[in-house]
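Work through the exercises below with the sequence and model open. Try each task before reading its solution.

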Amino acid sequence: MSLSAGLYVHIPFCGVKCFYCDFTAFAGQGGTVNRYLSALGIEAALMPERDPVTLYVGGGTPSELDEEQIRRLFALISGAYPRSRFQELTFEANPESLSPAKIAALRDNGVSRLSLGLQTFDDALLKSIGRRHSAADFLEVYAAARRAGNWALSVDLMYGLPGQTLESCLRSLDGVLALEPEHLSLYGLQVEDRTLFGKREVEPDESLARDMFEASLERLERNGYRHYEISNFARPGYESAHNQLYWRDDEYIGLGCGAASYLDGERSSNMDRLPSYCQAVEAGRRPVAHSERLSGKEKLGERAMLGLRLVRGFAPGREIEQAFRDEWESLAGRGLIQREGDRVSLTREGIFMANQAFAEFVPPFRQPGAVAQ
Ligand SMILES: C[S@@+](CC[C@H](N)C(=O)[O-])C[C@H]1O[C@@H](n2cnc3c(N)ncnc32)[C@H](O)[C@@H]1O
Ligand code: SF4
């Protein structure tokens with residue numbers, strides 16, 4: 001029995017599909033929710049036994065569930081994991097679908113972190129990225145959530161959006177800082193092929209995005225937020241325990257359409273279409289689409305990438321140092337990593353270029369002895 005497993009439950013329903021989003025999330029499928037919740041219960045019973053210590057209900061948009069469905073979801077989770085005493089329960093919500101009644105249902109069920117997706121305070125920009133809510137909707141929901149009691153609030157913001165200026169980005173950040181959330185996630189826009197932005201061939205302005213990131217980092221740190229992971233900032237003590245479990249290479253159970261699990265050394269991901277997910281589970285089968293067991297250099301590379309996600313970095317140890325000698329040299333040569341004692345971490349440059357740095361740790365690997373550039 002693992003003590004440090006996390007439990008992730010995916011709710012793939014959304015009011016509309018945002019123009020940038022490539023997550024497993026479907027609009028217009030509200031009629032499937034009850035069938036889906038039943039499937040989650042069956043899937044939990046098919047999984048290897050664990051006593052998870054954190055719960056993260058993410059999406060998609062979990063707040064698209066109505067109040068009764070939210071209560072049913074938590075009843076189903078506590079039925080499936082009767083011994084679990086979750087140290088942290090996170091629930092993701094969008095401003096347009098979170099009501100006071102739903103907030104009460106979340107509080108009744110012990111939710112300790114509420115993560116609210118804002119993206120930007122600029123109403124015109126919200127519209128241009130396909131969001132259904134306004135800045136005022138967000139403020140109303142945030143105030144209601146704050147009044148509901150003593151729990152940690154987190155806000156998602158994005159930078160590098162088409163048409164976003166540095167001033168607009170910082171105005172949004174200042175607007176959020178004024179609300180004093182315990183936690184903040186700041187994501188640079190990634191243009192993914194399958195999204196509307198991908199199809200429109202939106203091209204991010206990398207240099208402007210970099211300015212937004214640098215200025216935001218400085219402002220967050222000045223306001224007492226600790227940058228602890230590439231995209232995540234927290235007041236001391238409010239770092240996400242669930243996400244840290246991923247970055248420490250611990251086990252996790254993922255339930256739901258498109259969810260990923262990491263159990264007994266095997267990484268697997270579920271089918272990402274609703275009908276096939278539900279049908280597989282209803283037939284008593286685990287709805288796994290892909291699974292793999294990393295070993296050798298691939299496993300070491302995975303550990304290196306996870307360790308580097310943390311701003312404080314990690315101590316690679318002899319095996320990872322030797323397996324990636326040329327890669328470390330190349331990263332240092334490009335100014336993407338720094339060392340302090342036995343720890344290695346990404347530099348500011350490296351944090352902004354994290355995907356380039358991580359590419360060093362996935363096959364095909366650099367040839368031994370290759371010249372670092
Ligand atoms: C999967 S969403 C779920 C939360 C919720 N449905 C919402 O929209 O706020 C989690 C966060 O990922 C971020 N995100 C999604 N797609 C992204 C993209 N293509 N580039 C950067 N950030 C993205 C957004 O900030 C979003 O709030
Ligand atoms: S960003 Fe959130 S609301 Fe928008 S489509 Fe993705 S999961 Fe749904």
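**Domains and their contact**

The protein chain splits into domain 1 (6-246) and domain 2 (296-361), with bounds from an automatic or database domain assignment. This is a predicted model: local features need pLDDT of at least 70, side-chain atom pairs count only at pLDDT 80 or more, and totals for chains, interfaces and linings use all residues. Residues are numbered from 1 along each chain as its sequence is written, while chains are lettered from A and ligands numbered from 1 in the order in which they are written.

**Exercise 1.** Describe how domain 1 touches domain 2.

*Solution.* 
1. Start with the centres: over C-alpha atoms, they lie 28 Å apart.
2. Count contacts (C-beta atoms, placed from the backbone, within 7 Å). 6 residues of domain 1 meet 6 residues of domain 2.
3. Find the elements. Helix 8 (206-222) and strand 9 (226-229) each give two or more residues to the domain 1 side. Helices (H or I, at least four residues) and strands (E, at least two) are DSSP runs, numbered from the N terminus.

**Exercise 2.** Which residues are closest to ligand 1, and which strands supply its shell?

*Solution.* 
1. The shell holds 16 residues, each with its C-beta atom, placed from the backbone, within 6 Å of the ligand.
2. The closest are Phe23, Gly117, Asp156, Tyr187 and Gln190.
3. Strand 6 (113-119) and strand 7 (152-159) each supply at least two shell residues.

Note on methods
Two residues are in contact if their C-beta atoms, placed from the backbone, lie within 7 Å.
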